[in-house]
Amino acid sequence: MEVQFLGTGAGLPAKFRNTQSFVFNFMQELKECWMFDCGEATQHQILKTNIKPTKITKIFISHLHADHVLGLIGFLSSRSFLLDTNASKVTIYGPVGIKDFIEKNMMFTHCSLSYSVEYIEISSEQCIIDNKTVTVFSYPLAHNVECFGYKIIFKKQKGSLDADKLRELGIMPGPFYREIKESDTFEFNGKVYNSSEFLSEDKPGKEISIIPDTRYFEGLNEFVKNSNIIITECTYLLKGDAHHARKNYHLSILDVEKMIENSKVENLLLTHISARYDRNIEKDAVESLCDKCSVKIAHDLEEYTL
C-alpha cells in the first residue's frame, strides 16, 4: 500500500503546500484507491501524479472547513468526464451536511455526473465499513466544528500456499488451489488434509489512524494505541508555538509526542503544516519523535510505501 499527498498545508494554500488531501493506493489489497479530504485545487495536483481519478471509489471527508472540501465539486465533475455511464459509484463519507453541500453546489453550477454517489453521513463513533479484508471506524475529534478521524484496520490474511509441497502430492496449480486456501481441510485421492499444513504463517493486518484537524485530548492516546501507521495534523511544529495550537483547535509537536508515547506506531506522517515554517526547521522539530518511530513531515506530491 502507498499513500500520496496532494496537499499538506494548513488553512491557506502556500507556495509549496496546497490545501489538504491525500490518496491511499489500495489497488493490491482492495483493487481501489481512497481519498481523504479534497481541498481546493486537488484535481490540479492529481494531474502531477500517476493517480487515476477513475480508481478512487471512496472519499472520506473529515469536516466541512473550506480547506478540506472546496476541491470536491471540481474533482467529482472531472471524474465524470473520464468515465462512461456504467462506471462504478463513488461513496462519500463525512459529517452530517456533506450531502447537502455537494448536491447544492452541483445544482447551482449545473453539474451532472455520469455515475451515482452514495452518501454515508456520520454523527458519532461508528463502524462505517466492514468486509472480509478491512474495517473502518469514524472517531469524533475536538475541533471548532464537527470533525472526524478515521481508523483503517486490515484484517489478518491467510498465508501463501506452498505450491511445491502440493505438487509433491500430485496437485498441480489450478482452481483447486483457491479451494485449499479458503477451506480448513481438503480431500485428495481419498485422504483428508489440513490446509494449514500447506500455508505459510498468517499475514498480520495493519492498522492506520488518520487524524485531521483537532485539539489534543487524552482520547487520542487510546485511539492511536495499536496503530502501526499514523497520519496526523501537526499544524504547529515548534514547541514554542504550542499555545497557538490550543487556541486554534490544532495539534502541536508536543501534542503529537504525548499522543504516541504509548502507541505501537512504526510510521508517523505529519501533515497540515502551518505556512509559517520552512524546511530548514523540520529536522529539529521532529527530533524528539525519531527515537520512537520513523517520522516524516509530508510534502505535496510525495509518495510513501507503508
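Twelve salt bridges are present in the structure, which is a predicted model.

Glu282 is paired with Arg17 in a salt bridge whose closest N and O atoms lie 3.1 Å apart. The two partners come from distant parts of the chain, 265 residues apart, with Glu282 located in helix H11 (residues 282-285) and Arg17 in the loop that runs between strand S1 (2-7) and strand S2 (21-26). Glu282 has a relative accessibility of 11% and therefore counts as buried, since the limit for a buried residue is under 20% relative accessible area. Arg17, at 9% relative accessibility, is likewise assigned to the buried class.

A second salt bridge joins Asp241 to Arg276, and here the closest N and O atoms are 3.9 Å apart, a separation that is counted because the criterion for a salt bridge is a distance within 4 Å. Asp241 is placed in the loop between strand S13 (229-233) and helix H9 (242-247), whereas Arg276 is placed in the loop between strand S14 (267-271) and H11, so that the pair ties together parts of the chain that are 35 residues apart in sequence. With a relative accessible area of 13%, Asp241 is buried, while Arg276, at 47% relative accessibility, is classed as partly exposed.

In a further salt bridge, Lys225 and Glu222 are partners, with 3.1 Å between the closest N and O atoms. Lys225 is partly exposed, its relative accessible area being 31%; Glu222, for which the corresponding value is 51%, is exposed, because the exposed class begins over 50%.

Attention then turns to the open space in the model. The largest pocket has a volume of about 720 Å³. Its lining is formed by 19 residues, of which Thr133, Gln157, Lys158, Lys181 and Lys203 are the closest to the centre of the pocket. Two or more lining residues are contributed by each of two elements, helix H1 (27-30) and helix H7 (175-182), and H7 gives the most to this lining, with four residues.

Conventions: Residues numbered from 1 in each chain as written. Predicted model: local features only at pLDDT ≥ 70, side-chain atom pairs only at ≥ 80, totals over all residues. Heavy atoms only, no water. 1 Å grid on protein atoms, 1.4 Å probe; cavity = no way out; pocket = protein on both sides within 12 Å on 5 of 7 lines; lining within 4 Å. Points joined across faces, edges and corners; volume = space filled by probe spheres on them. Salt bridge = Lys/Arg side-chain N within 4 Å of Asp/Glu carboxyl O. Buried < 20%, exposed > 50% of the residue type's maximum accessible area, 1.4 Å probe, protein only.
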